[in-house]
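Here is a short report on one protein chain. Look over the sequence and the fold first, then read on.

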Amino acid sequence: MNFCCHDDYTDTGSFDLNDINIYSAHQSWVLQGKPLASEDDSDKAELIQFKNWYASKNALGQLPNLSEEIKFLPKMDCGDFTETGSFDLNDINIYSAHQSWVLQGKPLASESDSSENECTKFTNWYDSKNALGQLANLSSDIQHLPSLQADTVVHTINGDVPRGGDADAIIVDVDAEGDTAGDLLVSFDATAAVHTNENYAGENRIKAVELVFDNIEFVPTSEADTGLSLNTSEKQTLIDEQYQDTLGNKTLNYYYDYAMRTDGTEPRNNKSVIGFIDTTANGDGELKTNLGTLVFRVKKDNWRKNTEISNDIKIADVRIWDETCEVERYELQGGCG
Ligand SMILES: [Ca+2]
Ligand SMILES: [Ca+2]
């Protein structure tokens with residue numbers, strides 16, 4: 001999910017009743033199979049089709065007046081607040097309640113919520129109002145909040161996610177100071193991985209990651225000490241201690257034979273791939289949001305530049321596998337548009 005969208009359908013820079021009416025009507029339009037107001041609309045853009053349909057229903061008194069023009073349609077990535085893969089009544093209730101929460105100055109259900117993330121604050125407030133019978137029951141959990149076009153982050157239940165993912169999805173750096181001087185650092189924002197299959201219906205789990213370098217060789221100093229470690233938002237792990245293949249063997253996997261490259265297209269035996277296999281030790285992979293930002297560290301004795309090719313340290317290819325592990329299923333996206 002890269003949130004390259006927003007939930008201000010009138011483009012006014014704020015949430016108001018028009019937006020709720022549009023959101024709610026749009027959902028019913030989608031559920032009805034996107035009926036056209038007239039046959040002439042069949043080759044028009046979806047926004048026009050919806051606007052004309054709304055106007056036709058409004059003329060019949062079946063939809064409320066709007067005081068602002070419809071400028072954007074709800075998009076699944078942003079407008080599916082429960083992340084169930086479809087628009088439903090829960091989403092309408094969340095959208096509507098969120099607007100009233102914002103208008104009230106984002107009150108907290110309890111003082112102890114002040115250190116919680118924004119999505120949790122709203123969820124707890126919603127629950128407190130629901131307990132009083134003032135807001136409808138939800139049958140799915142709130143996963144992220146509505147956002148405005150100017151917002152640089154989207155508030156999710158796991159914290160804030162930059163809109164469009166991290167612009168520098170892969171950052172390669174060499175630690176210059178202290179005990180770790182000379183270590184190779186690779187930072188990878190797992191939340192910026194967007195599934196390439198539009199019909200993917202999985203849970204956005206990442207099973208495995210391979211990073212292909214053009215001009216770096218990795219050098220194991222011993223079988224036990226791979227020199228590789230991995231930080232996620234929750235823990236630091238030495239890769240050789242944590243990750244095993246399906247036979248229970250350690251999977252450092254430098255892929256010596258697999259990774260022969262010269263300029264990123266032609267094979268050459270320079271040992272340039274890190275295989276980071278099985279984020280959950282033979283499980284189904286880990287949720288992108290749980291992985292957060294992965295930081296790989298390669299100790300200074302365990303890598304060297306192949307200056308024959310270039311002095312630049314760079315990653316040529318990123319292969320991110322989903323829980324099926326059958327084909328490459330994600331690509332990194334930074335920024336929108
Ligand atoms: Ca608006
Ligand atoms: Ca939903």
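Two residues are in contact if their C-beta atoms, placed from the backbone, lie within 7 Å. By that rule, Thr120 touches Asp113 and Ile157, leaving aside residues up to four places away in sequence. The model is a predicted one.

**The chain overall**

The protein chain has 337 residues, and 34% of them count as buried. It holds 7 helices and 16 strands. Among contacts with a separation of 6 or more, 67% link residues 24 or more positions apart.

**Around Thr120**

Thr120 sits in helix α5, residues 118-131. Is Thr120 buried, exposed or partly exposed? It has 18 other C-beta atoms within 10 Å, so it is partly exposed; a buried residue would need 20 or more, an exposed one 12 or fewer. Thr120 and Ile142 lie 22 residues apart in sequence, and their C-alpha atoms are 8.8 Å apart in space.

**Helix α2**

Helix α2 covers residues 46-59. At 1.5 Å a residue, its 14 residues should span 20 Å, and the end C-alpha atoms are 20 Å apart, so the two values agree. Its buried residues are Gln49, Phe50, Lys51, Trp53 and Tyr54. An α-helix has 3.6 residues a turn, so residues three or four places apart point the same way. What do the buried residues of α2 pack against? Their partner is α1, residues 17-31. After α2 comes Gly61, with a positive phi near 75 degrees.

**α1 against α4**

Two packed helices are described by the angle between their axes and the distance between the axes. For α1 and helix α4 (residues 89-103), the angle is about 180 degrees and the axes are 10 Å apart. Angles over 145 degrees count as roughly antiparallel, and α1 and α4 are therefore roughly antiparallel to each other. By class, their contact has 4 nonpolar, 4 polar and no charged residues. The table lists the residues that meet.

| Helix | Residues in the contact |
|---|---|
| α1 | Ile20, Tyr23, Ser24, Gln27 |
| α4 | Ile92, Tyr95, Ser96, Gln99 |

Strand β1 spans residues 153-156 and strand β2 residues 159-162. How many bridges join β1 to β2? There are 4, and the strands run antiparallel. Val153 has Pro162 in β2 as its bridge partner. A hairpin of 2 residues joins β1 to β2.

Conventions:
Residues are numbered from 1 along each chain as its sequence is written. Chains are lettered from A and ligands numbered from 1 in the order in which they are written. This is a predicted model: local features need pLDDT of at least 70, side-chain atom pairs count only at pLDDT 80 or more; totals for chains, interfaces and linings use all residues. The expected span of a helix is 1.5 Å times one less than its number of residues. Axes are lines fitted to C-alpha atoms, for helices over the stretch in contact, and angles run from 0 to 180 degrees between N-to-C directions. Angles under 35 degrees count as roughly parallel, over 145 as roughly antiparallel, 65 to 115 as roughly perpendicular and the rest as oblique. Ala, Val, Leu, Ile, Met, Phe, Trp, Tyr, Cys and Pro count as nonpolar, Asp, Glu, Lys and Arg as charged, and the others, Gly among them, as polar. Two strands pair if DSSP finds at least two bridges between them.
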